[in-house]
Amino acid sequence: MGWKVYVTREIPKAGIELLQQHCEAVEVNPDDRSLTHDELLRHVKGKDGVLCLLSDRIDNEVFAAATGVKVFANYAVGYDNIDVETATRHGVIVTNTPGVLTDATADLAWALLFAAARKIVVSDRYVREGKFQGWGPLLFVGHDITGKTLGVVGAGRIGTAMALKSKGFQMRVLYADPNKNQTLEDTIGAQRVEVKTLLQESDFVSLHIPLLPETKHMIGKEELGFMKPTAYLINTSRGPVVDEGALVQALKEGRIAGAGLDVYEEEPKLAPGLTELDNVVLLPHVGSGTVETRTKMSLMAAENILAGLRGERPPNLVNPEVLSGT
Ligand code: DGY
């Protein structure tokens, strides 16, 4: 009690209400836009907890300004926007929202896969523009999905869910992950392979990896070159895992059939030329964007903040080292 919490942008009200029940003050950024870095530095001062977004860069400067903040609760499962090492050095708890957004994000990967393979977006545009003159044997022909090979890079929660949902389409499933995934192998007979083999053999490659120094540009010119010219790349993880310039080139030259992207290397900026291409479907980072999921995320982030402020271990603690010795 007596806590002051800052929320960097409006989120579904369930989490805000929960915070309001337990805190002295809950301030929410009233503008429907991300804060500038300077605004963020100003607003974290004098607060005990901050509920932040993946678009907020929580760096050294923020920790230096946020001297009273005990918890940064990220409203996302990915937390590459937070300098966790520095947080730990400052004794600050970092939390995320895993699990609750798994299916929504996996579902969106499928939506992108279908939209890209069956040319849904360009077909829709064509009809709206009044160009539809009747059935045509060569009109917007895409590629089959049923019976094809799905390659999932990263078989964590979301990658696993995405792969399991392929069952109805009788797909052969390959996965690449540092760890064996028994569930995938037992349930759908998925086969663990090297990334190169996965890229060479898959008709659809779906990325589900966290952004780490070692995963940045994991898919670049060389890797795109391993893919079949009839294959599609789907990315709902983090933009910088793909070299977006190299992807634009590959799509332009027809070296792969298409792509479906929800995330970008320098969000919200897109690589030059990307929007001019018809063989890519572009979404504005809405992987977890359902009412049900975003509501659960808001409650989860609020619960994480409250636990941290009470001196309890938050349920979704990212940096357990911060509590060692307490
Ligand atoms: C996450 O939680 O990391 C997602 O990218 C949000 O949609």
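Mentor: Start with burial. Buried means under 20% relative accessible area, exposed means over 50%, and partly exposed is in between, with a 1.4 Å probe and protein chains only. By that scale Q170, at 56% relative accessibility, counts as exposed.

Trainee: What kind of model is it, and how are residues numbered?

Mentor: It is a predicted model: local features need pLDDT of at least 70, side-chain atom pairs count only at pLDDT 80 or more, and totals for chains, interfaces and linings use all residues. Residues are numbered from 1 along each chain as its sequence is written, and side-chain values use heavy atoms, with hydrogens and water left out.

Trainee: Back to Q170. Where does Q170 sit?

Mentor: In the loop between α7 (157–164) and β7 (172–176). Helices (H or I, at least four residues) and strands (E, at least two) are DSSP runs, numbered from the N terminus. Phi of Q170 is near 45 degrees, a positive value in a residue other than glycine. Most residues other than glycine have a negative phi, and most peptide bonds are trans.

Trainee: And H217, what is its phi?

Mentor: Near 55 degrees, again positive in a non-glycine residue. H217 lies in the loop between β9 (204–207) and α10 (221–226). H217 counts as partly exposed, at 32% relative accessibility.

Trainee: Which residues does the cis peptide bond join?

Mentor: E267 and P268, with omega about 0 degrees. P268 is in the loop between β11 (258–261) and β12 (280–282).

Trainee: Switching to the ligand. Which residues are around it?

Mentor: L54, A76, V77, G78, L101, R238, H285 and S288. A residue is near a molecule if one of its heavy atoms lies within 4 Å of it. The shell divides into 4 nonpolar, 3 polar and 1 charged. Here Ala, Val, Leu, Ile, Met, Phe, Trp, Tyr, Cys and Pro count as nonpolar, Asp, Glu, Lys and Arg as charged, and the others, Gly among them, as polar.

Trainee: What about distances to the polar backbone atoms of V77 and G78?

Mentor: A ligand oxygen is 2.7 Å from a polar backbone atom of V77. For G78, a ligand oxygen is 3.0 Å from a polar backbone atom. A ligand oxygen is also 2.7 Å from an N or O atom in the side chain of H285. The protein covers 94% of the 240 Å² of accessible area that the ligand has on its own. Those areas come from the Shrake-Rupley method with a 1.4 Å probe.

Trainee: Zooming out, how many helices and strands does the chain have?

Mentor: There are 12 helices and 12 strands in the chain. The radius of gyration of the chain is 21 Å, close to the 20 Å that the globule rule gives for 326 residues, so the chain is as compact as a globular protein of that length. That radius is taken over C-alpha atoms, and the rule is 2.2 Å times the number of residues to the power 0.38. Buried residues make up 51% of the 326.

Trainee: Which residues of α2 are buried?

Mentor: In α2 (residues 37–44) they are H37, E39, L40, L41 and V44. Their cover includes β3 (49–52), α3 (60–65) and β4 (71–74). Just after α2, G46 takes a positive phi of about 75 degrees.

Trainee: Last one. Is S123 buried or exposed?

Mentor: Buried, with a relative accessible area of 18%. S123 is in helix α6 (residues 120–128). Leaving aside neighbours within four places in sequence, S123 is in contact (heavy atoms within 4.5 Å) with R118 and F140.

How values were computed. A polar contact is a pair of N or O atoms within 3.5 Å; within protein, one must be able to donate a hydrogen and the other to accept it, and residues adjacent in sequence count only if both atoms are side-chain atoms.
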